[in-house]
Amino acid sequence: MSVILVTGSSTGIGQETALHMARQGDTVYAAVRSPGTADELKARIDAEKLPVTVIELDLVKPDTIEAAVTAIMAKEGRIDALVANAGIGAGQAVEETPLDVVRDIFETNYFGNVSLLRAVTPIMREQRSGRIVVVGSLAGQVVMGCHAHYSASKWAMEGLCEALALEMAEFGVKVSIIEPGVVVTPIWGKVAPPEGESPYMNSMLRLGRFFEFGFTRPAMPGDVAEVIAGAIESDQPRFRYPVGADAEETVAARQKIGDEDWIALNCLQ
């Protein structure tokens with residue numbers, strides 16, 4: 001059985017992944033920013049008596065990353081799989097997004113994950129084995145207006161993961177990126193609509209309609225967890241895994257249309 005570190009485990013995809021892997025007998029370290037408030041996660045672990053240890057890890061606090069990885073290595077002596085799931089969401093027009101909000105998005109979604117990878121990749125390189133599974137997004141493949149900075153952070157992770165896959169391949173470490181579309185998770189309750197009038201209302205309405213349509217047939221966190229498990233367990237995992245009908249269909253549709261036509265199409269109401 002494997003030793004697995006899952007970030008962003010307090011709710012949603014991370015929580016379902018941690019529990020799913022533990023049910024299979026793996027030793028799981030479920031990383032959360034505030035262990036003292038992870039009541040739902042702890043209750044589910046206790047209810048099923050699962051081999052899950054809740055551990056503190058905040059992507060924007062490098063000392064917690066170092067401490068978590070050090071603690072796991074002291075007890076287990078290895079890390080077989082990393083599920084880099086933690087991240088934040090935001091959506092607003094480029095003009096209207098304060099620079100400190102942009103920095104917060106990238107500090108968590110990109111730089112935080114870079115710090116995490118810098119801590120874990122030396123271990124897997126020396127082991128000459130391992131699985132790194134990054135939870136990206138459909139937004140890392142297809143962009144819509146008023147979603148720029150979240151999408152940009154996910155596009156950055158796409159490039160990072162592709163380079164990482166090339167670097168780690170000779171050491172027996174496989175890298176995969178998961179690209180879910182609309183998933184029913186608590187993240188939706190954390191995103192507030194912009195206040196006041198905006199000249200970008202048409203773009204915001206188009207984005208809203210896209211999400212509304214996605215919610216007519218969304219993926220569930222458990223669906224994503226199963227795909228993550230498949231990427232960890234496969235002898236020959238794929239690099240990209242779209243998850244959900246909307247993700248698969250939107251990527252396929254985008255590949256069939258030119259850039260200029262796509263931009264013009266998105267001006268239609």
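**Notes on loops, a helix pair and a surface patch**

1. Let's begin with Arg-128, which sits in the loop that links helix 4 (99-127) to strand 5 (130-135). Please keep in mind that this is a predicted model. The phi of Arg-128 is near 60°, a positive value in a residue other than glycine.

2. Although Lys-49 is not a glycine, its phi is positive, about 55°. You will find Lys-49 in the loop between helix 2 (39-48) and strand 3 (52-56). Is Lys-49 buried or exposed? Lys-49 has a relative accessible area of 73%, and anything over 50% counts as exposed, so Lys-49 is exposed.

3. Now back to helix 4, this time with its packing partner. Two packed helices are described by the angle between their axes and the distance between the axes. For helix 4 and helix 5 (residues 148-168), the angle is about 15° and the axes are 9 Å apart. Because angles under 35 degrees count as roughly parallel, helix 4 is roughly parallel to helix 5. The crossing of helix 4 and helix 5 is right-handed.

4. Last, a word about the surface. Which residues make the nonpolar surface patch of about 240 Å²? They are Val-184, Phe-215 and Met-220. Of these, Met-220 lies in the loop between helix 6 (201-214) and helix 7 (221-233). Met-220 has a relative accessible area of 41%; this falls between the 20% and 50% limits, which means that Met-220 is partly exposed.

Notes:
Residues are numbered from 1 along each chain as its sequence is written. This is a predicted model: local features need pLDDT of at least 70, side-chain atom pairs count only at pLDDT 80 or more; totals for chains, interfaces and linings use all residues. Side-chain values use heavy atoms; hydrogens and water are left out. Patches are made of residues with over 30% relative accessible area and no salt bridge: like charges are joined within 9 Å, nonpolar side chains (Val, Leu, Ile, Met, Phe, Trp, Tyr) within 5 Å. Accessible areas come from the Shrake-Rupley method with a 1.4 Å probe; for residues, only the protein chains shown count as cover. A salt bridge is a side-chain nitrogen of Lys or Arg within 4 Å of a carboxyl oxygen of Asp or Glu. Helices (H or I, at least four residues) and strands (E, at least two) are DSSP runs, numbered from the N terminus. Buried means under 20% relative accessible area, exposed over 50%, partly exposed in between (1.4 Å probe, protein chains only). Axes are lines fitted to C-alpha atoms, for helices over the stretch in contact, and angles run from 0 to 180 degrees between N-to-C directions. Angles under 35 degrees count as roughly parallel, over 145 as roughly antiparallel, 65 to 115 as roughly perpendicular and the rest as oblique. A crossing is left-handed if the near helix is turned anticlockwise from the far one by less than a right angle, and right-handed if clockwise.
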